[in-house]
Each structure stands twice: as C-alpha cells, then as structure tokens.
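Me: I'm new to this one and would like a walk through it. Could you take me from feature to feature and show me how to read each?

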Amino acid sequence: MIEVKGLSKRFGDVQVLTDINAVFAKGQVNQIIGKSGSGKSVLAKCIVGLHVPEEGEVLYDGRSFHQLDKEAKRGVRQEIGMLFQSSALFDSLSVLENVLFPLRMFATMPPAEMRERAQLCLKRVNIEGKDHLFPSEISGGMQKRVGIARAIAMNPKYLFVDEPNSGLDPQTSIVIDRLIQELTEEYDMTTIVITHDMNSVMETGQNIVFINQGRMWWNGDRHELLNSDDEELNEFIFASEMMRQARRALAGR
Amino acid sequence: MGILLHIGRYFILLREVLARPERPKLYWQRTLEEMDLLGVKSLGIVALLSVFMGAVITIQTSTNIDSAWIPAYVVGFTTRQSTILEFSPTIISLILAGKVGSNIAAEIGSMRVKEQIDALDIMGVNSAAYLILPKIVAAVLMNPFLVTISMFLSIFGGWMAGVGTGIISSEAFIEGIQWDFDPYTITYALIKTVVFAFIITTVSAYQGYYTKGGTREVGISSTRAVVYSDVVILIANYALTQLLLI
C-alpha cells in the first residue's frame, strides 16, 4: 500500500500541488486522473522520488520514502517497476537485454536463470521471438509491452504506469490496460496509473483519484465516477460525447 | 544560472559519479565498450590530423628558418618539440572534445529527454555513475595511447613532408628529432592528456546529464559541451604548463 499524506510541491513561486492526501491499495489498479497541467505527473514523480515535496510524506507500506537514507531509498526503488509514457527503453540494448537490465544490476541469480526470467516476463506480455530486436525496430505497442516486462522483471511490489495508452490505437490500448490489470492481480502489486484516457479509466479503474488545480478533488471507483455530481469532475470526464452517452444510458436504466 | 551554481552542480555530479559501483563487472563491461567507442573509433581522425599537422609544422619551420647560421636539424628538433609539448596533447584533445565531447553530451542528453535516466533512477541505479564513470575511465586510459600514436605519426608526417619535398635531408631530420631530448616532455604531455581527457568527459557528461526539454536542447547541450570543454582545456593547459614546466 502507498499512502500520500499532506503532500505539497512548488516550483519557484508556482504552487503545483497542495495538501494531497491519498491511499493507493494493494492488489488493485489505482488511477490518478486529471486535466493536462493539473499536477498529476508531478504527484507521480513525488511519489516515486524523482521530485522532493516541500511538505508531506509518501509511505511505502509504512516507510516514509523521503526520510529514508540513500541506501534505503535505493532498496525501496528496487521494489518499484515503472512504465514510462515514452516506454524509456534503452536504445542501445536489445529487447531481451532491456528486460535483463534490472536483473543484471540487482539480482543475485546465475546468468542462465536471469535469462530464463527475462524470457518468462517477455512471454507473459506476449512478446516472443523478438529478443534480438532493438526498440527502434518494434512498434509502439510492443515497446509498451517490453517496458511492462522490464518493470515486472524484479517482481516488484509497486508498479507505476505513466500514460500507458498515449500514441496507441484503441484496440492496443485495451490490450495494455487489461495486461496491467492482470499483472496487478497476479503479482499482488500496488499499481498506480497516471492517465487522462477515460476508456482506460472505465476499463480498469478500481480506485480513482482526481487531481484538479493541484488538489485532490475527488476519490472513488469507476461506478461512483459516473454518478458523481461534482461539477469539475463532470466537466473533465464528460468532455467526450461517448462519456455523455454512457451517462445518459446509465440514467435511463 | 550563475557560473558558481554550474560549478557547484558539476562537483555534486562528480561526487555521484565517483560513488561505489553497484555491479563492478557491469561497469567494466561498459568501460570496454566506451574504450572502443571513444578511443579505438577516434584513431582514424587522430592519425589523419597528426600526419598533416607534422607535415605543416616541418614545412613552416623550414620556410621560416632561412639562415645559414641555423643548422638544418633544427627543423626536426622544432617538429619534435612542437608536437610533443603542444600539438599532440592539446590540439588532439581539442579535436577529441569536438568528436567525443559532442557524442557524450548528445547520448546522455537524449537519454535524459527520453526519460531513460529517470528509468535508471527509479530502478535504484546510480544513473550518474553508471553512465559517466565508464566514459571517464575509458577516456583517461585511451587518450594517452591516442596522443602517443599522434606524436609518432606527427613526427613521421614531418619527416615525409621534409624529405619528400626536399627541404631537409632524412639524416638531418632524424638528427634533429634526437637532439637534446628530455624524456620529461613526454611525462608532461601525458599528464596534460589525462587531465584533458577527464575534462572532456566530465564537462560533456555534465552538459548532457542536465539537459532539459527536447531534441533542440540536446543539440544546444552538445554544442555547449564542445565549447566549454575547449575553454576549460585551454585554461588547464596554461595552468599545467606554468605548474609543470616553469
């Protein structure tokens, strides 16, 4: 479980996040949603420790991350898997080497076992026979899947996913969303997905945190989301005709 | 941002870079790759430049010393001294700052804007050490070899140009390159080379590591890497010359 308590962050004179409090439960897909520029990516970066908040704390199963020493922070980070918006695969390494990278860096198992583990992770995300290809030689959807394979290679306790569907077609987006959900349940991870894709929210959102104007504005599940009467939230989620139709259909039931 | 802030951040980065590696074996593998990339792959340009540099020094010395009072071997002597003391260590380092420095800044800068450095950090890898330390070690080990080869080729180029154009006899040139040889000049040149290699890799890596933005900023970092490396090399060259030769 990850808890965020009273977290505030500013850059210079600009207050980006104010007094954020949220709980992200284990074994479910938690989503942080919000408009572009609302502060959701900054919140995610504060949670993973890429930004240091001015106030508040982030607790990883009770361990206050920003108060840990350097070594302990590295220890927590080795329990984190992250899929970046751009996939962030290492260009100079092949698909297999990308997945092997965290294992070579931190695992203590013999090389043959590392290879086996990396291939198992690739198989789990339905990538087979592409071991020798480089990231530039595979599609965006495949890159995301390789990114997921790399993220789960070390058997993480926490999985962060930043905009998993950006640049993907709707069909591939659903495949990625479902994969994230399946892996979350399979590995019993605390998963946090940062997104503004409402399809993704409706597909997998179990605990949704809506960030607006740098504050935690709303929290609930996807069913409560459709029935909420919060104006700001409705303005965000019902921006598309598809979502308005979904609400009308729900109201007419 | 003030220059003091840059200097402070540069030293903070160096402290991170010189931390204990997580997996020394992996670092050593990366060092070998970097030795190939930064060293072996620079051999061609270093060889080409050195031969022509030596040839030009010989011809210019010869045409500017047009006196019966000055012995012919002075041309060989001047070629040797200029090459060992200044041209090979400094000019070759300035050229390497252009080739290797821009490569380092562009590579690390691209990794920064593509979130690959964030990925390393989140995995718990010391990204600064993992990316920069092998480059420093590789350059510090390889550049003295490159400069030594450059010294031989530059003097060889001088001999070819001198003898080939008939401005000096082979015997006089060889007598000149052997005359009054002080081995300390080689030590001085290699000390400079090692310091310059450290400057090229760290200044360029600093520029790449703190790149913000997109591909345009990567280009700017790459240019800055070359300009700042050159400026720091020239300042260090003056300081080392004063320190080691006077």
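Me: Let's start inside chain A. Why is strand β8 (residues 190-195) of chain A largely enclosed by the rest of the structure?

Reply: A quick word on what you're looking at: this is a predicted model, where local features need pLDDT of at least 70, side-chain atom pairs count only at pLDDT 80 or more, and totals for chains, interfaces and linings use all residues. Residues are numbered from 1 along each chain as its sequence is written, while chains are lettered from A and ligands numbered from 1 in the order in which they are written. Now, a residue is buried if 20 or more other C-beta atoms lie within 10 Å of its own, exposed if 12 or fewer, and partly exposed in between, with C-beta atoms placed from the backbone. Strands (E, at least two residues) and helices (H or I, at least four) are DSSP runs, numbered from the N terminus. In β8(A), 6 of the 6 residues are buried, so the strand is largely enclosed by the rest of the structure.

Me: Which residues of β8(A) lie on each side?

Reply: A:Thr190, A:Ile192 and A:Ile194 are on one side, and A:Thr191, A:Val193 and A:Thr195 are on the other. Both faces are covered.

Me: Which strands are joined to β8(A) by bridges?

Reply: Here's the general idea: strands of a sheet pair through backbone hydrogen bonds, either parallel or antiparallel. Two strands count as paired if DSSP finds at least two bridges between them. Strand β3 (residues 29-33) of chain A is joined to β8(A) by 5 bridges, and the two run parallel; there, A:Ile32 has A:Ile194 as its bridge partner. Strand β7 (residues 158-162) of chain A also runs parallel to β8(A), with 5 bridges, and A:Phe160 partners A:Ile192. From β7(A) the chain crosses through helix α6 (residues 170-187) of chain A to β8(A), in a right-handed β-α-β crossover. Right-handed means that, with the strands pointing away from the viewer, the path from the first strand over the helix to the second runs clockwise.

Me: In what order do the 4 strands of the open sheet in chain A come?

Reply: The order is β2-β1-β4-β5, with antiparallel pairing. β2 and β5 (63-64) of chain A are the edge strands, each pairing on one side only. Strand β1 (residues 2-11) and strand β2 (residues 14-24) of chain A are joined by 7 bridges. Look for A:Val4 opposite A:Ala22, and for A:Arg10 with its bridge partner A:Gln15. β1(A) and β2(A) form a hairpin with 2 residues between them, and A:Gly12 in the turn has a positive phi of about 65 degrees.

Me: Which residues other than glycine have a positive phi?

Reply: Most residues other than glycine have a negative phi, and most peptide bonds are trans. Two to look at here are A:Glu163, with phi near 40 degrees, and B:Glu115, at about 65 degrees. A:Glu163 is in the loop between β7 and α6 of chain A, and B:Glu115 is in the loop between α4 and α5 of chain B. With 20 C-beta neighbours inside 10 Å, A:Glu163 counts as buried, and B:Glu115 counts as buried with 20 as well.

Me: How far apart are the end C-alpha atoms of helix α9 (residues 215-245) of chain B?

Reply: The expected span of a helix is 1.5 Å times one less than its number of residues. The 31 residues of α9(B) should span 45 Å, and the end C-alpha atoms are 44 Å apart, which agrees. Its buried residues, including B:Val218, B:Ala225 and B:Ile233, pack against α4 (73-113) and α8 (184-209) of chain B.

Me: How many residues of chain B are in contact with chain A?

Reply: Contact means that the C-beta atoms of two residues, placed from the backbone, lie within 7 Å. By that rule, 13 residues of chain B are in contact with 15 residues of chain A. Helix α5 (residues 116-123) of chain B gives the most to chain B's side, with 6 residues.

Me: What ipTM does the predictor give the complex?

Reply: The ipTM is 0.83, and the pTM is 0.86.
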